[in-house]
Amino acid sequence: SYARQAEIEADQLSVHLLANAGYDPLIAPQLWEGDTGRTLMSSFLRSRKYPSRRERARLMRQEITEHLATGAGHLLALRDQPWAD
């Protein structure tokens, strides 16, 4: 769904924002892997719209490895593309 894709892209963007602000971007996946992530997913984020906390952490780590370190602007390239086919 579009809402789920928006959530995934927001998570991907979050690691770039953290890095640009001078923070270690690994704090984002670590949040989801820890007790805070478990608490959040058992509360208001309990919905199929949101990826699981493990999936969120995995995608964030992938974003850091594949795109943050290389400076690849793949999210920016998507900004003008409509979601609908």
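Helices here are DSSP runs (H or I, at least four residues), numbered from the N terminus. Keep in mind that this is a predicted model, in which local features need pLDDT of at least 70, side-chain atom pairs count only at pLDDT 80 or more, and totals for chains, interfaces and linings use all residues. Residues are numbered from 1 along each chain as its sequence is written, and side-chain values use heavy atoms, with hydrogens and water left out.

Let's start with a local pair in helix 3 (residues 35–41). Aspartate 35 and arginine 38 sit three residues apart there, so about one helical turn separates them. Their side chains meet in a salt bridge at 2.8 Å, N to O; the term means a side-chain nitrogen of Lys or Arg within 4 Å of a carboxyl oxygen of Asp or Glu. Aspartate 35 is exposed at 57% relative accessibility, while arginine 38 is partly exposed at 41% (buried is under 20% relative accessible area, exposed over 50%, partly exposed in between, with a 1.4 Å probe and protein chains only).

Other bridges reach further along the chain. Aspartate 11 pairs with arginine 56, with the closest N and O atoms 2.7 Å apart. This pair links helix 1 to helix 4 across 45 residues, and both partners are buried. Glutamate 33 bridges to arginine 61 at 2.8 Å, tying helix 2 to helix 4.

Finally, the largest nonpolar core has eight residues, among them Val15, Trp32 and Ile64. Such a core is a set of buried Ala, Val, Leu, Ile, Met, Phe, Trp, Tyr and Cys residues joined through side-chain atoms within 4.5 Å.

Notes:
Helices (H or I, at least four residues) and strands (E, at least two) are DSSP runs, numbered from the N terminus.
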